[in-house]
Amino acid sequence: MKHIEKYMLEKMHDFLKPIDTIWQPADLLPDSSRDTFFNEIKELQESAQGLSYDLIAVLIGDTITEEALPTYESWLTMVDGVSKDEEGGWMKWTRYWTAEENRHGDLLNKYLYLSGRVNMRMMEVSTQYLIADGFDIGTGTDPYRNFIYTSFQELATNVSHRRVASQAKKQGDTLLSKMCGVIAADEARHAKAYKYFIEKIFEVDASEAMLAFEDMMRKKIVMPAHFLREVGLKIGQTFGHFTDAAQRLGIYTAVDYVDILKELIEDWHIESVTDLSAEAEKARDYIMKLPERLLRVAERMKNPMLEYKFTWING
Ligand SMILES: [Fe+2]
Ligand SMILES: [Fe+2]
């Protein structure tokens, strides 16, 4: 990790944008200091009326996931083997990444509040629960597993926000479409960063990197909101309904999971990594065969048809 930290410092400004000029939620939201404010809200609410129930549900789930950022930041600082130097690569990256991410929940939360479609109290209860419940994603405090998880997860959030953007556009909400589009672009940059860090690890510690990749794929990449719940429910009880809605709408599906895995295999040149230990060779075999296997499972999966009434949504 000491080896990687210098790249993190060096490359930080390639992967993260300058704070003074990057978009802010205010660039996309109605400005309450202007006379046009109430008209803009009226327009925002009219287009939000056209969004389907499932799309609103997925958007709320995505927003709560973004709002649980304190969980992810505290988890990143617990990783083994990193320098705790405030100005070192790890801590500085973590702060700057968090600062960029923080805008996502901020923007979506304000949009949902203004939309008139959401029971904000119920959504806020779920958010508070998710932060309080934390997560258990199987990485432990291992930095390699950690980076593999974030590589995967940033790609997954890119897909999810991008698809919400395109569906929102189809359903007539161009403002929401734009919002999810700019968020998706941030996630794509973050994915590039984490993939690059793993690439650097493969250069110097290929066998351990391969074993970490295999281990994470055997455990399956669970989403950070897998503990999602609503008022009165037990930990994790809402999560399945959220992913059902996402699968039904084609926002994030089992096939997307396989596509992300394929992308990682390609970008990390898993097929041509050399100098692997015998155990790591076996791990590579497992990884290389996995997309085919998962695709067969995905094809057999039925689209979840059961609609669920979330407490988050009015009416
Ligand atoms: Fe995000
Ligand atoms: Fe992200």
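User: Quick one to start: Phe15 and Tyr196, buried or exposed?
Analyst: Both Phe15 and Tyr196 are buried. Buried here is under 20% relative accessible area, exposed is over 50%, and partly exposed is in between, with a 1.4 Å probe and protein chains only.

User: What should I know about the model and the numbering?
Analyst: This is a predicted model, where local features need pLDDT of at least 70 and side-chain atom pairs count only at pLDDT 80 or more, while totals for chains, interfaces and linings use all residues. Residues are numbered from 1 along each chain as its sequence is written, chains are lettered from A and ligands numbered from 1 in the order in which they are written, and side-chain values use heavy atoms, with hydrogens and water left out.

User: OK, how many aromatic pairs are there?
Analyst: The count is 20 aromatic pairs. Rings of Phe, Tyr and Trp (its six-membered ring) pair if their centres lie within 6.5 Å; planes under 30 degrees apart are stacked, over 60 edge-to-face, and the rest tilted.
Phe15 and Tyr196 make one of these pairs, tilted, with 5.6 Å centre to centre and 50 degrees between the planes.

User: Where do those two sit in the chain?
Analyst: Phe15 is in helix H1 (residues 2–15) and Tyr196 in helix H9 (residues 174–204), so the pair links distant parts of the chain, 181 residues apart. Helices are DSSP runs (H or I, at least four residues), as are strands (E, at least two), numbered from the N terminus.

User: And what kind of pair do Trp97 and Tyr194 form?
Analyst: Trp97 and Tyr194 are edge-to-face, 6.4 Å centre to centre with 75 degrees between the planes. That pair also links distant parts of the chain: Trp97 is in helix H6 (residues 89–115), Tyr194 in helix H9, 97 residues apart.

User: Why do they count as buried?
Analyst: Trp97 counts as buried because its relative accessibility is 5%, and Tyr194 because its value is 1%.

User: Which residues form one aromatic cluster?
Analyst: Phe15, Trp90, Trp93, Trp97, Phe147, Tyr194, Tyr196 and Phe197.

User: Switching topic: which rings have a lysine charge over them?
Analyst: Lys200 has its charged end over the ring of Tyr7, 4.7 Å from the centre. The charged end of Lys309 sits over the Tyr53 ring, 4.4 Å from its centre. The rule is NZ of Lys or CZ of Arg within 6 Å of the ring centre and within 35 degrees of the ring normal.

User: Now helices. How do the axes of H5 and H6 cross?
Analyst: The axes of H5 (residues 69–76) and H6 come within 10 Å and cross at roughly 170 degrees. Axes are lines fitted to C-alpha atoms, for helices over the stretch in contact, and angles run from 0 to 180 degrees between N-to-C directions. H5 and H6 are therefore roughly antiparallel (over 145 degrees; under 35 is roughly parallel, 65 to 115 roughly perpendicular, the rest oblique).

User: Which residues make the contact?
Analyst: Leu69, Tyr72, Glu73 and Leu76 of H5 meet Trp90, Thr94, Arg95, Trp97, Thr98, Glu101 and Asn102 of H6. Contact is heavy atoms within 4.5 Å.

User: What about Glu73 itself?
Analyst: Glu73 is partly exposed, at 28% relative accessibility. Apart from neighbours within four places in sequence, Glu73 contacts Thr94, Arg95 and Thr98.

User: And Thr71, also in H5?
Analyst: Thr71 lies in H5 and is buried, with a relative accessible area of 10%. Setting aside neighbours within four places in sequence, Thr71 contacts Leu130, Ile131, Gly134 and Phe135.
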